[in-house]
Amino acid sequence: MAAAEEVKAMLKEAFGDSSSESDGEPSRGMRRRARISDSSDEIARPLSIFGDSHTWEQINEINGLWICREFLSADQQSSLLSSLERDGYLAEGSLNQAMRFGELPPWALELSRIVRENILFSAGFSESGDLENEEECLFPSELLWREPLFNQLIVNIYQPGEGIGAHVDLMRFEDGIAIASLESACVMRFSPVEASSDSVELLLSPGSLVLMWGEARYLWKHEINRKPGFQIWQGQEIHQERRTSITLRRLCPTPQH
Ligand SMILES: O=C(O)CCC(=O)C(=O)O
Ligand SMILES: [Fe+2]
């Protein structure tokens, strides 16, 4: 795509080259914890004009699943929470899931903007849009350049003990989903739609952003089980407080049933 090439060239000129590599074949084990690429210099570590260094980790067992653990600074997390508070999402007794379609509120537009910008600066998108190099692609260009990038938002608020059952996001949404996590950390578990391989667990820490596309979006279910005894990470039960997540997606142009 011409626009993608132009921006890439511009970024390359300004910041030099960067690369993204995975670290080989995944090994299989029962209920493995997500094996992520080693946090070495090889993985996407963009230079940003904002001074942040964002590291994207690829979940090796699941194509199209990436996490950036320090996507949102502490200030950005508080400011998002204040916006949610101000807009009534967090009010006592309010629903624990709120959806919004069409024009997104300013804070969600800003979040979308930094998602795109961050992916661009990570230079990990597939320029051609073909998925030949699928393992190394952070986000395919045809998804990254669609306008708007996202037009639907869900805010999920989970009290301790509350989670979300195993599901594949509805087909009325296009490919390419982003999930920002706020407040309490949790373990998200991925299991294949066709039970031919083991499930994979991923720690969603506050401030992290998950990108889900392709196989991760269509061929794997995701769930969060926060019942006592299920939120175990590295042998320790995670202390649970309220967790809030913001999911950004794009509706398919025509409704599908
Ligand atoms: O809360 C999350 O992190 C995931 C939410 C989710 O999967 C959904 O709303 O479809
Ligand atoms: Fe989901």
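Two residues are in contact here if their C-beta atoms, placed from the backbone, lie within 7 Å. Keep that in mind for the tour below.

## First look

This is a predicted model, where local features need pLDDT of at least 70 and side-chain atom pairs count only at pLDDT 80 or more, while totals for chains, interfaces and linings use all residues. Residues are numbered from 1 along each chain as its sequence is written, and chains are lettered from A and ligands numbered from 1 in the order in which they are written.

Looking at contacts with a separation of 6 or more, 75% of those in the chain link residues 24 or more positions apart. The chain has 257 residues, and 35% of them are buried (20 or more other C-beta atoms within 10 Å of a residue's own, with C-beta atoms placed from the backbone). You'll find five helices and 16 strands, which are DSSP runs numbered from the N terminus (H or I, at least four residues, for helices; E, at least two, for strands).

## The sheet

Strands count as paired if DSSP finds at least two bridges between them. Seven strands make an open sheet with antiparallel pairing, in the order β2-β3-β12-β9-β16-β7-β4. β2 and β4 (97–101) sit at the edges with a single partner strand each, so one side of each has no neighbour in the sheet. From one strand to the next, the twist averages 20°.

Helix α3 (residues 106–122) packs on this sheet, touching β2, β3, β7 (152–158), β9 (177–183), β12 and β16 (243–249). The direction of α3 makes about 75° with that of β16; axes are lines fitted to C-alpha atoms, for helices over the stretch in contact, and angles run from 0 to 180 degrees between N-to-C directions.

## Zooming in on β3

Strand β3 covers residues 65–68, with L65 and I67 pointing one way, W66 and C68 the other way, and all of them buried. On one flank, three bridges join β3 to the antiparallel strand β2 (residues 56–58), and Q58 has W66 as its bridge partner. β2 and β3 form a hairpin with six residues between them, and G64 in the turn has a positive phi of about 85°.

β3 also runs antiparallel to β12 (residues 209–212), joined by four bridges. Here I67 has V210 as its bridge partner, and W66 stands opposite L211.

A180 belongs to strand β9. Why does A180 count as buried? Because 26 other C-beta atoms lie within 10 Å. Beyond its neighbours within four places in sequence, A180 is in contact with F71, L72, L111, L209, S245 and I246. A180 and I67 are 113 residues apart in sequence, yet their C-alpha atoms are 9.8 Å apart in space.

## Around the ligand

Definitions and conventions. A residue is buried if 20 or more other C-beta atoms lie within 10 Å of its own, exposed if 12 or fewer, and partly exposed in between; C-beta atoms are placed from the backbone.
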